[in-house]
Amino acid sequence: MKSDIRSQIQGRRVLLSCTIELLTGCNFACKHCYQGGATDTLIDIPTYQSLLHGLADEETLRIALTGGEILLHPDFSTLYQMTVSSGFVVSLATNLSLLNDEILRLWQRHPPVGVFVSLHG
């Protein structure tokens, strides 16, 4: 598969992966985190939808969702489903402290390719 992707993009500029920060807020205050003291801002659904359309136009394959703490975003499930249903491969960065049955069921139906967990908090 790797060689197939390479042959498809050879000689072209393609944005293969993108990291999207869903929000700046976090439920922890880790000393090492660059988000320390950041105001709590978050991406809204229309902006996110527009971003996904642009990334699809660029033939982006993979999106990493980060924050702050992504599970704090009030629309996390909607944003995640939008990303998956748009055909992107999704990875996540989270501290998992807010993991619940709803999120687990969502990830069971549409598994992320990776979940990167911070254990520092």
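Residues are numbered from 1 along each chain as its sequence is written, and side-chain values use heavy atoms, with hydrogens and water left out. Because the model is predicted, local features need pLDDT of at least 70 and side-chain atom pairs count only at pLDDT 80 or more, whereas totals for chains, interfaces and linings use all residues.

Helices and strands are DSSP runs numbered from the N terminus (helices H or I, at least four residues; strands E, at least two). Helix α3 spans residues 76-85 and helix α4 residues 101-109. The two pack at an angle of about 5°, with their axes 11 Å apart. Axes are lines fitted to C-alpha atoms, for helices over the stretch in contact, and angles run from 0 to 180 degrees between N-to-C directions. α3 and α4 are therefore roughly parallel to each other (angles under 35 degrees). From α3, the contact (heavy atoms within 4.5 Å) draws on F76, S77, Y80 and Q81. From α4, E102, I103, L106, W107 and R109 take part. By class, 5 of these residues are nonpolar, 2 polar and 2 charged. Ala, Val, Leu, Ile, Met, Phe, Trp, Tyr, Cys and Pro count as nonpolar, Asp, Glu, Lys and Arg as charged, and the others, Gly among them, as polar.

I103, L106 and W107 are buried (under 20% relative accessible area, 1.4 Å probe, protein chains only). At the start of α4, a side-chain oxygen of N100 comes to within 3.1 Å of the backbone nitrogen of E102.

I20 lies in strand β1 (residues 17-21). The C-alpha atoms of I20 and T66 are 6.0 Å apart, across 46 residues of chain. Leaving out residues up to four places away in sequence, I20 touches Y48, L51, L55, I63, A64, L65 and T66.

H73 sits in the loop between β2 (62-66) and α3. A polar atom of the H73 side chain lies 2.9 Å from the backbone nitrogen of D75.

Note on methods: Angles under 35 degrees count as roughly parallel, over 145 as roughly antiparallel, 65 to 115 as roughly perpendicular and the rest as oblique. Buried means under 20% relative accessible area, exposed over 50%, partly exposed in between (1.4 Å probe, protein chains only). A polar contact is a pair of N or O atoms within 3.5 Å; within protein, one must be able to donate a hydrogen and the other to accept it, and residues adjacent in sequence count only if both atoms are side-chain atoms.
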